[in-house]
Amino acid sequence: MWCNFFTPQKIDPLYNICVVLTLIALFPDKTDINKTSYISLAHELLVKYRDLFQSELTDREAAEIDFLKEKLDQCTIAIAVFGMVSKGKTSLLNALFGQKLGETGAIHGVTKGTSIYEWKIPMDNPADGEQCHKLELQLIDTQGLDEVGGEIGGATALETAKRADLILFVIAGDMTRLEQEAIAQLQSFYKPILLVFNKADLYPESDRHAIYLALQNEEMRKLISPQEIVYTVADPLPVKVRLQYSDGRESQEILEKPQPDVYALKSRILSLLNTEGKSLLSVNVLRALLEIQDVVTQRHLQKVQSSTAITALIFSIESLSLLISPHLWLDGIISGTYQSILALWLIGKYPSQKKYLWLLLIVAIASLSGELGNNSEVMHYLQILWTGLSISLLSQGIVDDLKRSRGYGKLGAKKLMELIFQSVPANSILWRFHNHSDQD
Ligand SMILES: Nc1nc2c(ncn2[C@@H]2O[C@H](COP(=O)(O)OP(=O)(O)OP(=O)(O)O)[C@@H](O)[C@H]2O)c(=O)[nH]1
Ligand SMILES: [Mg+2]
């Protein structure tokens with residue numbers, strides 16, 4: 001882009017140098033995406049971004065990046081359990097772990113706030129040298145959503161939803177409007193959701209089927225695909241059992257509590273984590289990084305725009321110096337010096353744009369040496385025009401690059417996310433989720 005301000009006929013060798021250098025600067029890094037895991041690539045992006053933008057990040061943003069890095073280092077996947085009160089969220093976690101972790105009860109609002117339970121799961125056939133041989137699972141139990149106004153509006157619920165990699169939304173029958181709205185809201189965080197139809201023991205087979213069909217109506221399909229619905233019985237009601245005695249005593253009816261049935265959900269979670277766990281983790285970390293990048297870029301752009309006054313001042317001084325300078329060779333020195341000062345100042349200010357700015361410096365020096373041999377009056381005015389153009393192109397280039405680097409380019413989280421979405425198997429939850437979000 002810096003070459004626009006040269007005309008090939010005028011300064012041939014410089015034009016060529018500029019084209020070659022621009023191509024080198026723009027040429028992408030040759031990272032072999034197939035040989036490096038997404039986790040490592042996401043990790044690399046995080047670290048690079050943190051190092052380059054250290055001076056631009058607020059304490060909160062730096063801490064968030066450290067948290068994301070830690071998440072990748074530990075291979076931690078957070079699964080948050082949401083739903084209205086008393087749908088069996090805590091019972092479900094107890095059943096999944098096979099032990100009593102949290103209090104349950106028929107009274108509404110047993111769980112207050114959030115509780116985190118950890119679970120380490122080994123991965124199937126991890127490749128040699130591959131990261132994440134074990135995934136550390138964090139299961140997060142939450143307070144019933146109707147306890148916090150039926151919305152994911154409470155600070156804790158909002159934070160939990162943002163941090164989750166996967167959401168289990170627990171219902172216990174046909175869905176209410178409030179539940180549908182809560183799911184729609186959770187979807188705005190771009191997290192895959194499994195719909196857990198708990199308390200299945202309370203419904204005879206025919207009712208269960210009717211509810212299942214209702215969950216697949218057109219409106220519901222926009223929210224959740226039928227493959228994402230799983231039945232569970234986390235804490236079954238006791239059933240009557242008749243005891244027959246062989247010694248002739250009279251038979252007796254007693255109440256016996258059947259075993260919970262969360263097998264389908266457990267195997268669904270485990271297979272999902274085995275096949276897509278790492279992609280899920282990478283995508284969510286990248287999405288969080290993208291959010292930070294957005295905010296930082298926005299702030300950065302405002303600063304660049306506010307530097308326009310300084311740039312205009314530099315241009316005016318440089319033009320004035322060029323106008324009053326008696327010799328062309330002096331013009332070369334003036335313009336070379338100003339361009340170099342500007343480039344060096346910008347390199348300190350925008351370290352991420354270093355490559356382009358060094359390029360500008362090289363071009364400034366090259367232009368100086370190129371002009372020493374020329375001698376014409378027109379060159380005087382061309383110099384001023386060139387200075388103005390190059391400064392304006394430089395500012396525009398920085399703004400454009402910053403905008404681009406937010407999503408794509410070498411520091412772009414979006415580009416890597418796209419690669420991950422392209423690589424996940426068709427019909428996986430991430431694939432469905434991605435295609436589903438694209439349609440919205
Ligand atoms: N029949 C039946 N009852 C269940 C099942 N799962 C949970 N329950 C009962 O539902 C009630 C609520 O269960 P909890 O696990 O406390 O529900 P929760 O969603 O965590 O409730 P809060 O923490 O209050 O929001 C308890 O009385 C459980 O015994 C189930 O699969 N079948
Ligand atoms: Mg609970």
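Helices here are DSSP runs of H or I with at least four residues, and strands are runs of E with at least two. On that basis the protein chain has 15 helices and 8 strands. Keep in mind that this is a predicted model.

Some overall figures. The protein chain has 440 residues, and 31% of them are buried. If you take contacts between residues at least 6 apart in sequence, 73% join residues at least 24 apart.

Next, the core. The largest nonpolar core has 66 residues, and within that core Ile79 and Phe169 touch the most other members. Helix α9, residues 263-306, supplies the largest share of this core, with 10 residues. In general, nonpolar side chains in soluble globular proteins tend to be buried together. Back to Ile79: leaving out residues up to four places away in sequence, Ile79 touches Leu137, Leu139, Ile140, Ala164, Asp165, Leu166 and Leu168.

Helix α14, residues 413-423, has these buried residues: Ala413, Leu416, Met417 and Ile420. Where do they sit around the axis of α14? They are on the same side of α14, because the arc they cover is only 105 degrees.

Strand β7, residues 239-243, is hardly covered: of its 5 residues, the count of buried ones is 0. β7 pairs with strand β8, residues 252-256, in the antiparallel sense, over 5 bridges. One pair to look at is Val239, whose bridge partner in β8 is Glu256.

Now ligand 1. There are 25 residues around ligand 1, and those that come nearest are Gly88, Ser91, Thr104, Thr111 and Gly144. By class, the shell has 12 polar, 8 nonpolar and 5 charged residues. Helix α4, residues 89-97, gives the most to that shell, namely 3 residues.

The loop between β1, residues 76-83, and α4 holds Ser86. Ser86 is not a glycine, yet its phi is positive, about 65 degrees. Most residues other than glycine have a negative phi. Is Ser86 buried or exposed? A residue needs 20 or more other C-beta atoms within 10 Å to be buried. Ser86 has 21 C-beta neighbours inside 10 Å, so Ser86 counts as buried.

Tyr190 also has a positive phi, near 55 degrees, and is a residue other than glycine. Tyr190 lies in the loop between α6, residues 177-187, and β5, residues 193-197. With 13 other C-beta atoms within 10 Å, Tyr190 is partly exposed.

That is what I have; questions are welcome.

Conventions. Residues numbered from 1 in each chain as written. Chains lettered and ligands numbered in written order. Predicted model: local features only at pLDDT ≥ 70, side-chain atom pairs only at ≥ 80, totals over all residues. Near = placed C-beta within 6 Å. Nonpolar A, V, L, I, M, F, W, Y, C, P; charged D, E, K, R; others polar. Buried ≥ 20, exposed ≤ 12 C-beta atoms within 10 Å, placed from the backbone. Pairing = 2+ DSSP bridges. Contact = placed C-beta atoms within 7 Å. Core = buried A, V, L, I, M, F, W, Y, C linked by C-beta atoms within 7 Å. Arc of directions from axis to C-beta.
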